[in-house]
Amino acid sequence: MIKLVATDLDDTLLSKDLTVTKKNLKAIEFLRQNGIILILASGRPYPSVKKVAFKLQNFYPMITYQGALVYDPKNDQKLYGCEIQPEDAKQLVMLAKDEGIHVHIYIDNIWYVEVMNEKTEYYKNLTKLEPHKVENFLEFIDKPVTKVLFFDDHERLKVLKERLPKEFSEKFNIMFSKPFFLEFTNINVSKGNALKFLAEYYGLKREEVMAIGDGDNDISMIEYAGVGVAVENATESLKNAADFEVASCDESGFAEAVEKVFNVQF
């Protein structure tokens with residue numbers, strides 16, 4: 001029996017317009033009423049995920065920054081962390097500068113940028129967070145970095161990813177969270193590892209865990225979970241890893257997954 005449901009946020013639990021459908025809200029209420037643990041698992045920073053969680057009245061620990069940090073929102077306690085060392089983060093910043101790519105970094109749950117532009121504004125609207133501007137990342141970075149994000153055209157980022165030196169793939173977990181977001185975290189970071197940590201935290205077996213997602217960054221948790229589900233708008237890679245497919249994020253795919261697994265109807 002499933003006792004824990006982990007779901008990605010953007011383009012999975014949330015519709016394309018960043019809202020939660022009425023049917024998905026009913027599914028969340030069903031899980032709450034039946035004591036099923038609901039884990040929000042996102043590439044977003046902790047403060048952004050926490051805002052969504054509190055709107056949903058969901059106070060379980062949450063997976064943030066692609067699994068780099070797990071937080072308990074009731075007391076803002078970090079339960080799990082896996083970050084990039086300063087010199088490695090600087091190496092990524094230098095690459096972005098050389099390529100003329102817009103870059104964001106996160107340190108201690110604060111979002112930092114060097115440039116304020118339309119990309120910064122887009123990300124601000126997406127995450128509902130305020131950027132902190134610094135003059136020079138290379139001088140500024142002096143402590144572990146949670147995540148480095150490259151923001152550019154997908155094809156350009158795809159080409160860049162394919163020609164990265166081998167040492168990068170040995171040090172960093174590199175993946176797209178959206179077509180135009182290429183994210184770098186510590187090599188040991190994944191939503192799957194964070195979900196495994198939380199399953200053990202609650203004393204659960206993999207067979208008691210369900211995970212739902214849409215992006216390649218969700219594959220690790222789909223593969224870890226006893227039941228892995230892909231929404232219709234998911235990447236082909238994720239669909240191939242999932243046990244079954246449900247409707248798109250705009251058509252309440254999350255609720256459909258809950259209906260199928262728990263044999264209910266909303």
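Which residue in E13 is the bridge partner of methionine 210? It is valine 227. This is a predicted model, in which local features need pLDDT of at least 70 and side-chain atom pairs count only at pLDDT 80 or more, while totals for chains, interfaces and linings use all residues. Residues are numbered from 1 along each chain as its sequence is written, and side-chain values use heavy atoms, with hydrogens and water left out.

Start with the parallel sheet. Five strands form an open sheet, ordered E2-E1-E12-E13-E14, with parallel pairing. Strands (E, at least two residues) and helices (H or I, at least four) are DSSP runs, numbered from the N terminus. Two strands pair if DSSP finds at least two bridges between them. The edges belong to E2 and strand E14 (244-246), each of which pairs on one side only. Neighbouring strands here are turned by 25° against each other on average, direction ignored. Axes are lines fitted to C-alpha atoms, for helices over the stretch in contact; angles run from 0 to 180 degrees between N-to-C directions. Strand E12 (residues 209-213) and strand E13 (residues 227-231) pair in the parallel sense over 4 bridges. Helix H11 (residues 253-262) lies across strand E1 (4-7), E2, E12, E13 and E14. H11 runs at about 130° to E14.

Now the antiparallel sheet. Strand E4 (residues 69-72) pairs with E5 over 4 bridges, in the antiparallel sense. Valine 70 has tyrosine 80 in E5 as its bridge partner.

Look at H2 itself. Its buried residues (under 20% relative accessible area, with exposed over 50%, partly exposed in between, 1.4 Å probe, protein chains only) are Tyr46, Ser48, Val49, Val52 and Ala53. They cover an arc of only 165° around the axis, which puts them on the same side of H2. That arc is taken from the directions from the helix axis to the C-beta atoms. An α-helix has 3.6 residues a turn, so residues three or four places apart point the same way. The cover over the buried residues of H2 includes strand E2 (37-40), E3, E4 and H4. After H2 comes glutamine 57, whose phi is positive, near 60°.

Next, a loop residue. Glutamate 114 sits between strand E7 (110-113) and helix H4 (118-127). Glutamate 114 is buried, with a relative accessible area of 16%. Its side chain makes a polar contact with the side chain of lysine 97 at 2.9 Å. A polar contact is a pair of N or O atoms within 3.5 Å; within protein, one must be able to donate a hydrogen and the other to accept it, and residues adjacent in sequence count only if both atoms are side-chain atoms. The side chain of glutamate 114 also reaches the backbone nitrogen of phenylalanine 137, at 2.7 Å. Leaving aside neighbours within four places in sequence, the contacts (heavy atoms within 4.5 Å) of glutamate 114 include Lys133 and Val134.

Finish at a hairpin. It joins E10 to E11 through 2 residues.
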